[in-house]
Structures are given as C-alpha cells and as structure tokens.
Amino acid sequence: MRNLILNLTLLCLFLSAGCEQQPDVIPAEGDEAKPVRGDTFIEASIGEPSNLLPVLSSDSASSDINGLVYNGLVKYDKNLQLVGELAESWDVSDDNLSITFHLRKDVHWHDGTQFTSADVLFTYQMYIDPDVPTAYAEDFLQVSNAKVIDEYTFRVTYEKPYAPALESWATAIHPKHLLENQEITKSPLSRAPVGTGPYKFVEWDAGEKLVLEANESYFRGQPYISRVVYRIIPDPSTQFLELRSGGLDFMGLTPIQYSTQTDTPSFKRNFNKYRYLAFSYTYLGYNLKKPVFQDKRVRQAISYAIDKQELIDGVLLGFGQIATGPYKPDLWTYNANVKRYQHNPDMSRKLLTEAGWLDNNADGILDKNGQPFSFTIVTNQGNDLRAKTAEIIQRRLKEIGIDVKIRVVEWATFLKEFIFPGNFDTTILGWSGGPEPDQYNIWHSSKTAPRELNFIGYRNPEVDQLLETGRRTFDQERRKEIYDRFQEILAEEQPYTFLYVGEALPAVAKRFRGIEPAPAGIRYNFEEWYVPKPEQKYTR
Amino acid sequence: MINYLLKRIIMMIPLLIGITLISFVVIHLAPGEPTDLQTDLNPKASAEMRERLRERYDLDKPMYVQYGKWLVRLIQFDFGESFSQDHRPVLEKIIERLPITILINVLSILVILAVSIPIGILSAVRRNSLFDRSTTVFVFLGFAMPSFWLALLLMDYLGVRLGLFPIAGLKDIGHEYYNFGRQIWDYVHHLCLPVFVSAFGGLAGFSRYMRSNMLEVIRQDYILTARAKGLSETQVIYKHALRNALLPVITILGLSVPGLIGGSVIFETIFAIPGMGKLFYDGVMMRDYPLIMGVLVIGAVLTLVGNLLADISYALADPRIRRG
C-alpha cells in the first residue's frame, strides 16, 4: 500500500496509521442514532498533491486523496489483515508461486464503465513499462507471468515464492479505457482522476483546495459524508489556528498541541482527540565501516547510556513507546523477549573499559591509543524532534566520557554528502513501514552499495539467511519464528540503538460519529463516518 | 530616443543569456537531483529504475548538453515540463500563480504609497514634531517586526478569538454558491490581513525616503521664491514641493516591477496563498530545474524591463533629463 511503504519522511511521526487506541473521547449522547448522509469533511494538507495518478506520485497528499478515489485488489482491514477489495477472494497455488484473484462483478469506474480483469492487467503492464516514470516497479518486476483468465479472473505467477506479493496488489488499479495508448505523464487523469473508490473527484482549485464527493454507486454503498475537501495550508501553525476556528475538521496534532494547546474547554467541546502508535520508529545508527563502532561492546555501551524513556518524555512529551527493534510493539511480528537496554551508565563504563576505552589523561573524555572518544551525530534539518533527541543523547554520553558533536544538515545535502558516501559517524533517522515484515532492503548485506538502504554497512550471515527465507515463506507462524530470531540478533548486536516509536495524535471535529479506533488507526472506516442531521454544518 | 531604446533592448540579450547560464550552473551544482525525492531511501526503487528516470530527464548527459537543449527550447518560448511528479508545463504552473501574486503585491504597494507619502510629507513639514517622532517609531516597528510573527498574532486575535477575519486561504469553502457581490466581499475579506501584513513591513523604507526627498526639496530656492510670491503654505507644499519630491518615486516603482511577481515564501506559507514565492521555494527544494529556470528567466526579463521603464518614464516626467 502506497502510504504504508517503508519510506523516510520528515513527518514520519504523524502518519495516520497505527494502533493501540487510547481514545480521549467523551461519549456523546445520541450516538446510537442511525447514520445519515450529508455534511462535508474538511482537512488540510501541507503540500499540494503532485499527481493523482497513483503510478506517478509518491507524496503523502496525493496518496491520501488517491486512497479515497481508487481501490486495490486487496487492502488492510482494521486489524491490519489483508482482505479483498476489488478482489472478492484469491487462491495461492500449492507451490506458492501464483495467485489467482476472483474479482467483484459489481464494480464500475466513476464514468460508468464496468471494471474487469483487463484493467488489472493494464495496471500491471503500466507499472513495469520502462517509459512510465514510476518509483514502484520493483514489486511487479518479480512477476514472471500475468494473465487474464476471464473477465473477472486474473492470475499472476512469480519466479520464486515472494511473500510481500499479496500486499503489492493493494496498489491502486487504474482504468484501462482512459489510459490505454497514451503517454501516461500527459494524461488529464493526473489532474482529474477516475477511479472505482468511495469518493469521486469534483474539482481542484490549484494551490487552494481539492474537492471530492461521495460516489453514489460505490460497490460497498454510498459513503455517508457527502463531500471531502482538502485545503492546502502549508504552515502547520496556520493549520492549527484554522482547526481551532472551525475551518478544519481534522488534523494530526504535535505532542505540545495535544497536551497543552488543545487543553481548553472550547476545544474539548468541539473536538475529539485520539492517540495510537504510528508506523515509524527513530534510531541512532552507527556507521559500521568506522573501526570505533565495529566493536559490539561500544555500541551496547552507548545503548545503555541513553535513557530512552527520558527521550520520550522530553521530546515526545510522553506520546510514544521505547523501540527495541524495527517492528511496532503492537504488531504480530513484534518480539517482546529481546535484550533491552535500560538506562545504566555503570554498565556502559564497564563495557567501554572492556573494550579498552579509559580516561588515561583524566580530562573527562575516554581515550584509547592516545585518541579521545569523540564522534558526530548527523541528522536532517526540518525535524525538530531529531535535533532535540541528539542534544539529549549528547548530554547522556558526556556523562560516561564520550564527546559528541551534532550536525544538522539540509535533506538533499545530508543524503548526498553524508549518508550515501558513508561519510558519517552516527546518524539519527527514522523509518516508516507497514504491516509487512520484510526488511530485506534495510538489513541484507547485499544492500550496502552507495544509495542503498543498508548504508550503515551491517553484515551478518545469519540475518542474511533469515531475511532471504522470510520473504519466501508464506506461513505466518513460520515467518514469526524467522523474524523473532532476526529481532533477537539486532537487539544483541545493536547496529542501531533503537530509540522510540512515536504516536499519531489526530483531532477530529466532534460532530463526526462512527469513528472506531483500531490497530489500523481511525481512518480505515472513513466511509462509515457520519454526522447526525441536526449537527450537520455544511448543507451543500 | 528610438535608437537608444533599440540599443538598450539588444544589450539585454547577452545579459539574459549570461544570467541563465550562471543560474543553470549554480542550480546544478547543488547536491541532489529531481529524481532523488522519488527514489532515495525508497526500498521499492531499484538502481536500474533510478537510471531509467535519470535518462528520461536527460540527467545522465553532460551539463552543457542539458543547457544547450534547454536554451534551444527557450528560444521557441518552450519552458519545458516540470520535473516534479505532476509533469505539467512550467509556463502553465507559473501563469496559474501569477494573478494572485501580482494582485497582492499591487495592493500592498498601493497601501504603502497611500500611507507612507502623507506620512513622509507631514514628517518633513513638521520635522521633529511629536507626529514625526511617533510615526518614525511606528514605521520602524513595522520594519523590525518579523512578518510571520505579526501574521500569527493577528490570525490568533482577529481570526480565532474575535472571529473578525478568515484565517487563511483566498475564499470561503462555500464561495461558489455566493452571489457576485458576496464573492467580491469574500475576496476582500480574505485579503485584508495578508495585504496589511505585507504593507506594514514596507512602510518604513518608503516613508523615510519620502521624508528626506521632501526635506531636500523644501530647502530649494524655488520654494523660497514660491513663498516670497505670497502663495499659501498649502499651495507651496502640495503643488510646488510635492511634485518635485515625487520624481524619485518613479525610479523606485520601476525597480519594484520584478518584485511584483516575486512572492515571499514565509508570508505565502502562513496565509496559505498559492503564490510565486512558494512555487519557487518548492521548486528549489525538489531540484525541479525547468521550473527554477523558468521563474528565474521571467524574473530576469522583468528586472531588465523594469529598469528600462524606469529610465523612460523618468525622462518623460522630468524635462531636465529629457533635454539634458
């Protein structure tokens, strides 16, 4: 799924997908009323959507809108299990090499044309077409054969078993009859999309707003909320002012907004706040090509010296949990029984002494062979949370005699000059991910070339083996064993010091009912949200 | 005159090419490429795909080839296609943003002129009076105050607490259902705060400039003559002195022509106004070369044209220059 793809984003902490619901909701009276149609839902986007053809866009504004306009063959349900969407059901062959999708027969494109398996085949061909500038071909290039069996049956075959395959079919299906034999980048659909989803595109007022309206012939029934308006408001503080004045019905809050700035009677009267773990974590990564960090004891010592709860309290104001590995603590893949690094400076000193780091010249900084223990944390500009995290770590490491410098660099320069050439000591970054546990690209030793994701240069034959088997295994229990072991090794070796998993903190106008927080967050059942008739605010 | 004009216009061509060449090189020297945003740290993008994308945008070719291709297209008035994911023609993206940027800038210049000219005159005429001193403090307050901070304060007090003004954007959500009069009012209502904030910061420069011009003119002999003739003080100041003091304003207006299409990123971001400043800033952040070059070329042309216009109108307005 586009917005669940592992992808580094500046705002990764505020992704609206996650779990562990602790709703801050005062149940409203009359909730039992029957859902009715009407009203408008207004939300804001920091940036203008780039392109409403999902094959071409990778920004979050576009994928939010595309998520309402298009459907995939499958999707994640409230409990993050894959269920059918345009596909009614599917069969996986005994050798795990092919998947046969049985499509719904009651689906129409927004222009009235019938949806068939030809659209699915066309979408697949478009993604692998070398002339289409998409960043998402990889999953589809694994397919060795795609075939239309009949109007409503579609079969894909893979060369080797590929466990993330099913998830890749959550990709939006594009309309063949409108895109065939055209240059995709010049298609008018990129500004006026036609999909099969619950909402139809109405208008796009460049730089200002984008309007969608309920699809009255949606195959799961017309959604209750009549219109969805995306306002383009680039400044987060302006968004917050708009929210308070009633110009927005939804916004992801920052920790300080959630805890103090919205703690007013008028805000509580008009909004419900929710909190759940986001699909992302922040880490301190060590450049393993540097001799200093090749000693496991040094990395463990630093992990012991950092107080993760202090980071969560200080940086996230308590809205987060300690990360122990790459998976979110409430997912089936999470292994709770791995080595944990409670704050323990004595343990740090002991490990560093074992590794040969001693304060021989009594200047307060450890040294070895005449070299003081000093390194730089580099992180990207524009993410205040990361800079603050670096400062707290700096102070904690000073306590055990390590001198830390901090550099904050503009994003493109950060990647080009520091991360990809391996020109860094340590870095604070985050990964966002989805429910699919495959971490091959981040941890496999074959992915250490320049510009690849294992830029810390982690190499462990057992991890390689586990990752290879993991992505070829379909059985969930078997996969759980594989990824549990993978997490144990990471926890022991600490190639990253895993820091924290932040929470998504959305606020929704109180008149919207039918919101049921679940592991997938709150937006998964948007089609079922409604506003009782007397409370409807926008009549047109 | 015609010869002079022709010469000036022909001289602009090598100047323009120079500007574009330098801009082109500088932008390409910045680390990062347009394709990076889509492919960097994206596990679903392979090395092969990255090359495919680079090839598509000619990024695999040497810089002089890229510049040559760009220049050839430019001569045919083709600004190219944006490298961002919307792949729209650059010209279309710029034209879409121009009207609102120009509108706000023109309004704010009008407000600045309407307020700072009287302030300047009165401060000069009543030099060192209480009025002079208090307006000085006022206009420098505007100059010193960060506009984003003022904007946020006004939005919070006038928008959220008192509910007098809309906070951001250009129109209400239900704008299309309003009648014509209400639509106009809706625009005006939304433009009040942005125009005030952008004008407030510009008052200081202009009113001080006006004040010193006026002081200069009042000291001239012809003012003494006018007074000696027994003209009323009003006639002396508003007829004889003001006309001469306004002359240098023409130069300033000419120089502000390129400023008309340049927006301010911070200001536009805060008020959620889709203007040129934000377009350019986003273009730079995404290394959208054709868009950056398009905005720069238009800006350069306008600067050169603005200078030319200032010179011409100065000559028209001031006989001393015309004859000299």
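**Note on the predicted two-chain model**

1. Glu48(A) and Arg97(B) form a salt bridge, their closest N and O atoms lying 3.5 Å apart. The structure is a predicted model, and the distance between Glu48(A) and Arg97(B) is accordingly a computed one. In total, the rule finds 6 salt bridges across the interface of chain B and chain A. The elements of chain B that give two or more residues to the side touching chain A include helix H2 (36-39), helix H3 (47-56) and H5. Helix H7 (147-161), helix H13 (265-271) and helix H14 (276-285) of chain B also belong to that list.

2. The interface may next be described by its contacts and its area. On the side of chain B, 44 residues are in contact with 61 residues of chain A. The size of an interface is often expressed as the accessible area that is lost when the parts come together. For chain B and chain A the buried area is about 4,600 Å², and carbon and sulfur atoms give 54% of this area. Polar contacts across the interface of chain B and chain A amount to 7 residue pairs, both residues of each pair being at pLDDT 80 or more.

3. The largest nonpolar core holds 133 residues. Leu73(A), Phe101(A), Trp169(A) and Leu212(A) are the members that touch the most others. Helix H5 (residues 90-125) of chain B gives the most to this core, namely 8 residues. A second, separate core of 67 residues includes Tyr281(A), Tyr286(A), Ile312(A) and Phe373(A).

4. The surroundings of Phe101(A) deserve a separate entry. When neighbours within four places in sequence are left aside, the contacts of Phe101(A) include Leu73(A), Val74(A), Ala87(A), Ser89(A) and Trp90(A). Phe101(A) is also in contact with Tyr152(A), Thr153(A), Phe154(A) and Val156(A), as well as with Leu166(A) and Trp169(A). Two of these partners, Leu73(A) and Trp169(A), are named with Phe101(A) among the members of the largest core that touch the most others.

How values were computed
Residues are numbered from 1 along each chain as its sequence is written. Chains are lettered from A and ligands numbered from 1 in the order in which they are written. This is a predicted model: local features need pLDDT of at least 70, side-chain atom pairs count only at pLDDT 80 or more; totals for chains, interfaces and linings use all residues. Side-chain values use heavy atoms; hydrogens and water are left out. A nonpolar core is a set of buried Ala, Val, Leu, Ile, Met, Phe, Trp, Tyr and Cys residues joined through side-chain atoms within 4.5 Å. Buried means under 20% relative accessible area, exposed over 50%, partly exposed in between (1.4 Å probe, protein chains only). Helices (H or I, at least four residues) and strands (E, at least two) are DSSP runs, numbered from the N terminus. Contact means heavy atoms within 4.5 Å. Buried area is the accessible area (1.4 Å probe) that two parts lose on being put together, summed over both. A salt bridge is a side-chain nitrogen of Lys or Arg within 4 Å of a carboxyl oxygen of Asp or Glu. A polar contact is a pair of N or O atoms within 3.5 Å; within protein, one must be able to donate a hydrogen and the other to accept it, and residues adjacent in sequence count only if both atoms are side-chain atoms.
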